[in-house]
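Subject: Structure handover

Hello,

Here is the structure for your files. My notes follow below it.

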Amino acid sequence: MAILSRFFNTEGPCRPERHYMLPSEGRLAELRKLVAQERYFTLHAPRQTGKTTLMVALADELRAQGGIAVRASLLACRGVSEVAPAELLWLVAIQ
């Protein structure tokens, strides 16, 4: 199997062994506090700033501690302006 060199990933979660990336540790510290306080949070940032990668790291960490983490993409709802059809898409994404 050929060893691929690392590259900049612009789609989906980054994996440190395959992609150049900034470490998630600093950003995870704040999320850990919110989770420990059982608080809700919204992660909002521009494209390609590591949101998905950060959430994957948080989910992995929670699972490693015996917790449950569910991650679902709601991109399928983009452009849907009515709540009822969007809800069905959310449920499919979560399923």
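Helices (H or I, at least four residues) and strands (E, at least two) are DSSP runs, numbered from the N terminus. By that rule, W90 is found in helix α3, residues 83–94.

Some ground rules. This is a predicted model, where local features need pLDDT of at least 70, side-chain atom pairs count only at pLDDT 80 or more, and totals for chains, interfaces and linings use all residues. Residues are numbered from 1 along each chain as its sequence is written, and side-chain values use heavy atoms, with hydrogens and water left out.

Overall fold

The protein chain has 3 helices and 0 strands. Along the sequence the pattern reads α-α-α. The radius of gyration (taken over C-alpha atoms) is 16 Å.

Buried residues make up 15% of the 95 residues. Buried means under 20% relative accessible area, exposed over 50%, and partly exposed in between (1.4 Å probe, protein chains only). The accessible surface of the protein chain comes to about 8,000 Å², and 59% of it belongs to carbon and sulfur atoms. Areas come from the Shrake-Rupley method with a 1.4 Å probe; for residues, only the protein chains shown count as cover. Contact means heavy atoms within 4.5 Å. Of the contacts with a separation of 6 or more, 30% are between residues 24 or more positions apart.

Helix α3 has 12 residues and reaches 16 Å from its first C-alpha to its last. That is close to the expected 16 Å at 1.5 Å a residue, where the expected span is 1.5 Å times one less than the number of residues. Of its 12 residues, the number buried is 1, so α3 lies largely in the open. W90 is partly exposed, at 34% relative accessibility.

W90 also belongs to a nonpolar surface patch of about 630 Å², made with I68, V70, L74, V83 and I94. Patches are made of residues with over 30% relative accessible area and no salt bridge; like charges are joined within 9 Å, nonpolar side chains (Val, Leu, Ile, Met, Phe, Trp, Tyr) within 5 Å.

Salt bridges

Side chains of opposite charge can pair when their charged atoms come close. A salt bridge here is a side-chain nitrogen of Lys or Arg within 4 Å of a carboxyl oxygen of Asp or Glu. The structure holds 5.

R32 pairs with E61, with the closest N and O atoms 2.6 Å apart. This pair links distant parts of the chain: R32 sits in helix α1 and E61 in helix α2 (residues 51–64), 29 residues apart. E61 counts as buried, at 19%. R32 is partly exposed, at 29%. E25 also bridges to R32, at 3.0 Å. Shared partners join E25, R32 and E61 into one network.

K33 bridges to E30, at 3.8 Å. Both lie in helix α1 (residues 25–36), 3 residues apart, about one turn of the helix. E30 is partly exposed, at 44%.

Best wishes

Terms used: Rg over C-alpha atoms; globule rule 2.2 N^0.38 Å.
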